[in-house]
Amino acid sequence: MIDQIIFYTLAFIIVAMSLMVILARNAVRSALYLISALLGFAALYIRLQAELLAGVQILVYVGGIMVLFLFVIMLVSVRTMEHQARQTRQWKAAVVIALGVAAELIYLIVRGGSIFVTKQPPDALLTKSQNTQVVGEALYSTYLLPFEIASVLLLVAMIGAVVLAKKKI
Amino acid sequence: MNILVNYVVIPLVKIVVIVAILSGGIAYLTLMERKVIARLQHRLGPMRVGWHGILQPIADGLKFIIKEDIIPIKADRFVFTIAPGISLVPAFIVFSVIPFGPPDSLWGTGGYVTDVNIALLFAVAVSSVGVLGVILGGWASNSKYPLLGALRSSAQMVSYEVAMGFGIIGVLLVANSLSLVEIVEKQRSMGVWFFFVQPIAFLIYYFCGMAETNRLPFDLPEAETELVGGFHTEYSGFRFSLFFIAEYANMITVSSLAVTLFFGGWLRPFSSVAALSFLDIIPPPLWFVIKVLIFLYIFIWVRGTLPRFRFDQLMRIGWKVFLPVAMANVMVTGAILLKFL
Amino acid sequence: MITTNHYLVLAAIVFTIGVIGVLTRRNILIIFMSIELILNSVNINLVAFSYLLKNVVGQVFAIFVITVAAAEAAIGLGIIIALFRNKETIQADEIDLLKW
């Protein structure tokens with residue numbers, strides 16, 4: 001019961017806020033709604049016993065990426081564009097196609113849902129204080145190579161961002 | 001029924017008590033700040049309201065509530081209205097994971113609202129949300145000084161958060177846990193405060209904490225002399241007071257985390273030395289409060305002493321001094337732990 | 001009972017919202033935010049399966065997704081700033097130099 005209340009509340013918040021992101025006229029409002037949606041995602045991760053991920057989500061997304069977004073929105077001062085059209089010309093076709101894709105996805109999930117038998121009580125692997133440790137061990141042993149590649153990716157992104165944003169190199 | 005009591009009623013009672021104490025504490029922190037600054041400048045500070053100005057915070061609070069609440073005509077009303085809340089709420093949420101007393105205190109319910117396994121990450125993450133209120137408030141005012149303040153603060157906070165995170169990792173390596181309760185327990189079982197193990201990490205954490213709370217010498221987002229008031233120039237009355245409260249709550253947060261991580265939280269000094277057990281007559285939460293007060297005093301002391309940085313100096317010190325030193329600290333700590341433990 | 005299906009459907013809905021945002025909006029910044037929505041909907045799937053299969057790999061992968069999102073945001077916002085400096089616009093359909 002409590003499970004359902006929590007899930008549906010969070011799902012409602014996430015879906016409503018996501019819709020507001022793409023409907024809002026103003027980019028700052030969009031960013032604000034996206035932040036609310038991201039916090040909803042973090043809460044959902046806690047429900048799914050991924051506490052570390054929830055913390056990382058808030059720290060990286062809300063505290064980092066969204067601040068960056070707001071910074072850029074302020075730099076390019078979008079307020080003058082508020083009364084221009086929001087959508088591109090192909091928006092009707094786009095919505096129809098996207099809804100088609102969604103219908104397909106949901107149909108497949110509902111039809112194939114019986115494959116995902118939910119095992120009941122979660123075992124010790126993912127519970128209690130172990131989460132951070134277990135994720136860390138996986139990250140630094142089995143997935144060490146992807147981890148290193150991710151760090152190189154971040155380095156490339158960092159240099160790229162500096163080069164792109166600099167006026168004269 | 002038991003679940004209801006354990007997970008709803010008891011935490012709610014604790015939350016109410018903590019919020020009440022915190023609000024009172026913030027009110028009197030403003031008085032403390034004015035008094036200390038006054039003494040540093042050979043003045044007396046507030047003297048009129050009550051004995052030596054003891055009722056000054058109440059008068060200030062009343063004034064804030066009674067003043068007209070102005071929303072500029074060009075402001076984005078919705079964002080302008082909620083920005084102070086975005087700044088205030090995270091500052092209070094952090095206290096839900098900070099331990100004020102040992103786990104067996106308060107009739108076995110523990111001297112904290114909750115002890116989660118990612119408490120430290122949670123505290124850092126949530127306090128990083130507060131900056132959004134500053135940025136949005138500055139943007140929504142639709143005026144140049146607030147916008148400049150908001151831009152400065154977003155650049156500053158993002159820069160200093162990185163160094164702060166690296167500073168904390170040093171503690172994490174030693175403590176082996178993200179739970180704040182376990183970190184304090186570890187300091188007791190090791191018999192030494194982490195300040196003596198990780199002094200560099202502490203200094204970096206504390207300086208970055210000052211930058212995160214927009215306090216002098218890092219108060220560029222609200223620099224009165226150049227930006228009038230920075231992000232809160234257009235705010236007045238009650239909404240301004242919310243920003244004000246958030247700043248002081250953040251000061252208490254930074255001090256509390258510093259005490260928890262580096263100065264043994266609720267532990268008395270030299271908790272492993274039995275000869276000093278007479279110190280136990282002061283209960284653990286009071287030790288915690290005393291230590292926090294010392295750090296708050298240093299905050300005010302620094303404000304009264306140091307001039308403000310220039311913006312390029314601020315960025316240089318953040319990226320070229322704090323960050324490399326913090327990273328070196330993590331590496332050295334890791335190497336030593338690997339070699340000797 | 002909340003099953004994995006619930007999470008998958010939620011992720012599908014958010015994914016669709018993100019796709020609609022990318023396809024219909026003109027403002028590049030909002031297109032970028034829609035991409036973040038898409039990445040997050042994928043993360044829900046990964047974490048839901050990690051919970052279902054009692055396997056931590058999903059969470060590890062979600063962390064990689066967040067890393068990629070951070071890198072993408074840094075580069076993308078750098079591009080937007082460079083674009084705004086040269087073209088004085090951030091409307092996606094006004095940047096059509098290669099069409100002619």
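With which residue does the side chain of B:Asp60 meet in a salt bridge, and what is the distance from N to O?

Reply: The model is predicted, so local features need pLDDT of at least 70 and side-chain atom pairs count only at pLDDT 80 or more, while totals for chains, interfaces and linings use all residues. Residues are numbered from 1 along each chain as its sequence is written, chains are lettered from A and ligands numbered from 1 in the order in which they are written, and side-chain values use heavy atoms, with hydrogens and water left out.

The partner of B:Asp60 is B:Arg34, and the salt bridge between their side chains spans 3.0 Å from N to O. B:Asp60 belongs to helix α2 of chain B and B:Arg34 to helix α1 (residues 2–40) of chain B, so this pair ties together parts that are 26 residues apart in sequence. A salt bridge here is a side-chain nitrogen of Lys or Arg within 4 Å of a carboxyl oxygen of Asp or Glu. Helices are DSSP runs (H or I, at least four residues), numbered from the N terminus, and strands are runs of E of at least two residues. The relative accessible area of B:Asp60 is 19%, so the residue is buried, whereas B:Arg34, with 37%, is partly exposed. Buried means under 20% relative accessible area, exposed means over 50%, and partly exposed is in between (1.4 Å probe, protein chains only).

Over all chains, the structure holds six salt bridges. One of them is formed by the side chains of B:Asp76 and A:Arg29, at 2.8 Å from N to O. B:Asp76 sits in the loop between α2 (56–66) and α3 (77–93) of chain B, and A:Arg29 in helix α2 (residues 27–47) of chain A, so this pair joins two chains. B:Asp76 is buried, with a relative accessible area of 9%, while A:Arg29 is partly exposed, with 25%.

A further salt bridge, also given as 2.8 Å from N to O, links the side chains of B:Arg188 and B:Glu185. Both residues lie in helix α6 (residues 180–190) of chain B, three residues apart, which is about one turn of the helix. An α-helix has 3.6 residues a turn, so residues three or four places apart point the same way. B:Arg188 is partly exposed at 45% relative accessibility, and B:Glu185 is partly exposed at 22%.

Helix α6 of chain B also has buried residues, namely B:Leu180, B:Val181, B:Ile183, B:Val184 and B:Gln187. Seen down the helix axis, these buried residues fall within an arc of 165 degrees, so they line one face of α6(B); the arc is taken from the directions from the helix axis to the C-beta atoms. The buried residues of α6(B) pack against α4 (119–140), α5 (144–175), α7 (194–197) and α10 of chain B. Just after α6(B), B:Gly191 takes a positive phi of about 75 degrees.

B:Thr260 lies in helix α10 (residues 237–262) of chain B. B:Thr260 counts as buried, because its relative accessibility is 0%. Leaving aside residues up to four places away in sequence, B:Thr260 touches several residues, among them B:Leu180, B:Ile183, B:Val184 and B:Gln187. Others that B:Thr260 touches include B:Ile98, B:Pro99 and B:Phe288, where contact means heavy atoms within 4.5 Å. A polar atom of the side chain of B:Thr260 also lies 2.6 Å from the backbone oxygen of B:Ser256.

The chains may now be considered together. Chains A and C have the most contacts among the two pairs of chains that touch. By contrast, no contact joins chain B and chain C, and their closest C-alpha atoms lie 13 Å apart. In the pairing of C with A, 72 residues of chain C are in contact with 85 residues of chain A. The count of salt bridges between chain C and chain A is zero.

Note on methods
Polar contact = N/O pair within 3.5 Å; in protein donor to acceptor, adjacent residues only side chain to side chain.
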